[in-house]
Amino acid sequence: MKSRLHHTRRVVLGAAVAVLAVASAACGSDDAASPGASSVDPAVLGPQNPATGPAVTIGYISEGKGTVVDTSAELVGAQVAVDYINEHLGGLRGHRLKLKTCESKANPAAATDCANQMVGAGVVAVAEGALVTVDQTVDVLSPAGVPLILNYSTSQKALASANVFNMMNGVSAIFGTPAALAKEGGIDKAAMVTVDLPGLTAIANQLGKVAFTNVGAQLEVVPIPAGTPDVTSQISAANRNHPGLWSVLGNTNFCGGVLRAIKTADRGSKVVVNDRCVDPTISSSIPGGFEGVQVGTTANLDPATDDVKLFHAAIDKYKPGLRIEPNSAGGWQPVLGLARALNAGQGEVNRESVAEGLRSAPPLPFPLTGGIQFQCNGRAFPLSPNVCASDIVVATADKGGTLGGYRTLHPDTALFVPPSR
């Protein structure tokens with residue numbers, strides 16, 4: 001068991017970096033439900049509890065607004081979290097928080113510069129959402145002893161380097177979601193359609209097939225080159241095996257063509273995608289739209305939940321008009337999660353104490369997940385000590401691409417361990 005686990009851990013850490021780059025390439029998509037323009041009761045923010053101690057600075061690095069992506073709402077969501085923490089949670093262990101932001105523009109050199117700026121500014125921690133250039137920030141922040149708090153990552157360095165904390169489980173979200181849904185539905189054949197990039201295809205064949213084998217299903221990986229104008233032939237060929245479940249991994253441009261072909265060839269099977277696939281602007285081009293598509297995601301944005309009501313009330317108070325969607329949520333989640341973990345204990349606030357506070361904190365609910373617990377003690381996920389949660393969020397899309405029906409899946413943490421021969 002131990003040797004198989006170590007081998008699988010090397011597979012994850014050796015190939016997973018491509019997944020993040022593909023899944024994050026459409027981070028500006030407007031694919032989640034918003035609570036709407038109405039206000040919520042500000043009482044959900046709780047009583048005033050202002051921070052009174054000396055200020056400490058945390059950083060937030062985002063791709064920001066560039067020519068390809070726009071994740072600038074992450075920075076606004078992070079600032080809303082800081083304002084809420086300072087006025088209602090007593091700051092970070094009593095210290096008032098200041099936020100230093102930087103945009104990497106999906107440029108590795110700019111990401112390195114952002115990380116160096118954070119070190120130079122003396123930040124006690126840095127948060128990120130799902131940064132394509134995460135490796136460049138890890139290269140600077142990890143050896144400098146700056147804790148890096150990520151919503152999630154599948155990058156080799158983010159999963160293996162010191163002082164990195166993945167609050168959610170990106171590996172399970174991408175590969176565990178379809179496998180768990182196959183098990184739930186008693187499905188014994190599945191197809192996983194991916195962009196044909198060497199690292200991505202390799203990890204789909206390795207981790208994807210292991211996960212499906214462990215739930216009693218056979219998986220066919222269907223790699224398709226990026227930019228293929230018509231994927232009908234590839235999908236038709238895969239459909240000859242009669243898969244009961246299709247899983248699609250890619251960005252909006254890739255998913256649109258793939259989903260059109262799948263819905264044309266096979267309207268009866270279950271379809272599972274990552275949340276960056278879903279974009280209401282392409283729903284009319286897909287037969288039946290996104291109706292019934294299952295979506296693996298890291299945020300439960302159901303407006304009826306207490307989590308979203310809290311975020312909505314904070315937005316109303318500190319940044320009226322900010323839309324609740326994956327990017328703004330990606331700024332709010334890691335910053336508030338950091339505060340919850342640190343404020344579960346006492347002591348000074350510096351780089352060392354932040355890292356130790358994260359490792360020693362008890363299980364706590366991660367923001368905007370419907371109660372999923374995170375604990376960064378190195379035992380949440382057997383393939384990486386840097387992952388702090390095992391559960392994952394799944395939503396169902398309606399015809400137009402609005403997400404609802406959020407629920408939590410609890411996949412076995414050994415899902416990615418090769419079965420005994």
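This is a predicted model: local features need pLDDT of at least 70, side-chain atom pairs count only at pLDDT 80 or more; totals for chains, interfaces and linings use all residues.

Residues are numbered from 1 along each chain as its sequence is written, and side-chain values use heavy atoms, with hydrogens and water left out.

Select residues 189–195 and 218–224, which are strand 6 and strand 7, running parallel and joined by seven bridges; helices (H or I, at least four residues) and strands (E, at least two) are DSSP runs numbered from the N terminus, and two strands pair if DSSP finds at least two bridges between them. Within this pairing, Val193 has Val222 of strand 7 as its bridge partner.

Next, turn to the salt bridges (a side-chain nitrogen of Lys or Arg within 4 Å of a carboxyl oxygen of Asp or Glu), of which the whole structure holds four. Select Lys317 and Glu87, whose side chains form one of them at 3.2 Å, N to O; this pair links helix 11 (residues 306–318), where Lys317 lies, to helix 3 (residues 73–88), where Glu87 lies, 230 residues apart.

Then select Asp139 and Lys157, where the closest N and O atoms of the salt bridge are 2.9 Å apart. Asp139 belongs to helix 5 (residues 134–141) and Lys157 to helix 6 (residues 156–160), so the pair ties together parts 18 residues apart in sequence.

Finally, select Arg407 and Glu184, whose side chains meet in a salt bridge at 2.7 Å, N to O.
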